[in-house]
Number of protein chains: 2
Amino acid sequence: MRDFSADHRWLSINTATVRKQGDLLQIIEACDRHGIRAISPWRDQVATVGLDAAVRAVRGADLQLSGYCRGGMFPADAAHRAEMRDDNRRAVDEAAALGAVCLVLVVGGLPQYSRPGSAPSKDLAGARAQVEDGIAELLDCARNAGMPLAIEPLHPMYAADRACVNTMTQALDICDRLDPDRSGALGVAVDAYHVWWDPDLQAQIRRAGKERLLAFHVCDWLVPTTDLLLDRGMMGDGVIDLPQMRGWVEDCGFAGYSEVEIFSANTWWERPMDEVLSTCIERHRSVV
Amino acid sequence: MRDFSADHRWLSINTATVRKQGDLLQIIEACDRHGIRAISPWRDQVATVGLDAAVRAVRGADLQLSGYCRGGMFPADAAHRAEMRDDNRRAVDEAAALGAVCLVLVVGGLPQYSRPGSAPSKDLAGARAQVEDGIAELLDCARNAGMPLAIEPLHPMYAADRACVNTMTQALDICDRLDPDRSGALGVAVDAYHVWWDPDLQAQIRRAGKERLLAFHVCDWLVPTTDLLLDRGMMGDGVIDLPQMRGWVEDCGFAGYSEVEIFSANTWWERPMDEVLSTCIERHRSVV
């Protein structure tokens, strides 16, 4: 396992972590100031400053992209399927323009939440089938662009509205079916917040192996958690054994960035950007 | 699948559903008024009115108990282990005195939350081992009392603080190890709220089979859910396909009560008890 205590060369900042404190260009400047070498930006943040400006800023700061957030939201009724396809193809193109390591897929839940306006449904198995079809179709486009797709299993509390792929097992079953040769074109993003509870996690990380471990995200699970979406904790403030999980991932050969992704309406989004980044660096070195 | 549309003979009320509106004796009177034949009371509600008075009231109203809530909270540090054992043995005795069909086990999470005062830990695998040891020990006592134990897998969002058994698979693995003969002394409580998201649910219900399906709980998952604990929905108001799940359970031979268990601080706990019970009856007949 790599020693993170001496520096933060393997720290990446998911830009949602400081989304309330500044736009993407300001976040890139701040990362540059703090010697942070990698980020993972969100599409809406890129759109706000413009793709060309974002590309220039990323190159200017010599930043790497540990991922690009996000494609997905595949379940849709017939009337919203074309929109879904176009949207995902644009996400692949943007990720390629920015030079991201992978496009992260948050696959979507029931169609009425995944693509608002879609007819309401309670058919979770049907949504899961649509997700697999959607990934299969996008994979052709992503292969052509040389952009790996990283399926991110989300915590089961998001099964209805954000992602109906909720375990590593499910995500890897999809990978096995759509990319049986383990080409590297399809893999998973392991986010500690979503998978830490899974009794099968270590075994599934091993099953994924180096070819399919495309991203590793960290934050912490707080007790109590006061909001299902916006109360993630800073690493070290919760109950997740992060070094253990990083050990499992690195034992399989993962050698990429440890990406901090914290949505925290009442704590970290309220603090100055420099304080948040300094805290991320300190915790990255001490508790990840 | 049984037809629930004509009456509510298979409806049970978990008494937490109206815990803010009255004490256990008042709840029993209200159930009697509404022709409800079964309840599942909580230990604190029994303690408030006294065990003897609770037993008399249950018999007086000719009520059946679809379960008794709850034993469990097994993880504890060494200083709290004796307390945990005594507490669980008393739960078995109370369940037997009340004539419950089973004692529901909410197994506990990390020791500092399961048994407050225990030394903090992030060792989830260790907590899971303690759960299995605790159930094994309690099972001897429960067999002697003729009281089946129903392990309730809780939603993964409760893994840290309430239950580190989070899937049917986990619960049934424990059953296989501790009661390989499927004697009926150990099984599971299937609560729709906790397991609806699980892609393996139907297969695991089949695996459980009639001998291990000891209880079936219903409510609904709301989108958005505003509180991790106290924002459960009335059946029909959320996204769970309840008839499908009841079909799966009954296909395996389950023929017991459909128990309504709703913790709802801002909606159902604010309404008059009779309105809540009438709504439960109406929804039981129309959407369960």
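Analyst: Let's begin with helix H6 (residues 124-145) of chain B and helix H7 (residues 168-178) of chain B, whose axes come within 11 Å and cross at roughly 50 degrees. An axis here is a line fitted to C-alpha atoms, for helices over the stretch in contact, and angles run from 0 to 180 degrees between N-to-C directions. Helices (H or I, at least four residues) and strands (E, at least two) are DSSP runs, numbered from the N terminus. The angle makes H6(B) oblique to H7(B); angles under 35 degrees count as roughly parallel, over 145 as roughly antiparallel, 65 to 115 as roughly perpendicular and the rest as oblique. The crossing of H6(B) and H7(B) is right-handed. In this naming, a crossing is left-handed if the near helix is turned anticlockwise from the far one by less than a right angle, and right-handed if clockwise.

Which residues make the contact between H6(B) and H7(B)? From H6(B) come B:Arg128, B:Glu132, B:Ile135, B:Ala136, B:Leu139 and B:Arg143, and from H7(B) come B:Gln170, B:Ile174, B:Arg177 and B:Leu178. Contact means heavy atoms within 4.5 Å. Sorted by class, this contact has 5 nonpolar, 1 polar and 4 charged residues. Ala, Val, Leu, Ile, Met, Phe, Trp, Tyr, Cys and Pro count as nonpolar, Asp, Glu, Lys and Arg as charged, and the others, Gly among them, as polar.

A word on the ground rules: this is a predicted model, where local features need pLDDT of at least 70 and side-chain atom pairs count only at pLDDT 80 or more, while totals for chains, interfaces and linings use all residues. Residues are numbered from 1 along each chain as its sequence is written, chains are lettered from A and ligands numbered from 1 in the order in which they are written, and side-chain values use heavy atoms, with hydrogens and water left out.

Helix H9 (residues 201-212) of chain A and helix H10 (residues 242-251) of chain A have axes 8 Å apart and pack at about 25 degrees, which makes H9(A) roughly parallel to H10(A). Their crossing is right-handed. Here A:Leu201, A:Gln202 and A:Ile205 of H9(A) meet A:Met245, A:Trp248 and A:Val249 of H10(A). By class, that contact holds 5 nonpolar, 1 polar and no charged residues.

How do the two chains relate? Two copies of a chain are related by a rotation about an axis and a shift along it.

A:Asn166 sits in the loop between strand E6 (149-151) and helix H7 (168-178) of chain A. At 1% relative accessibility, A:Asn166 is buried; buried means under 20% relative accessible area, exposed over 50%, and partly exposed in between (1.4 Å probe, protein chains only).

Back in chain B, B:Arg246 lies in helix H10 (residues 242-251). B:Arg246 is buried too, with a relative accessible area of 4%, and among the residues it touches are B:Met1, B:Phe4 and B:Phe216.

Finally, some backbone details. Most residues other than glycine have a negative phi, and most peptide bonds are trans. A cis peptide bond, with omega about 5 degrees, joins B:Cys69 and B:Arg70, and B:Arg70 lies in strand E4 (residues 68-72) of chain B. Another cis bond runs from B:Val223 to B:Pro224, with omega near -5 degrees. Phi is positive at B:Asp62, near 55 degrees, and at B:Met73, near 50 degrees. B:Asp62 counts as exposed at 65% relative accessibility, whereas B:Met73 is buried at 13%.

Conventions:
Lists of a residue's contacts leave out its neighbours within four places in sequence.
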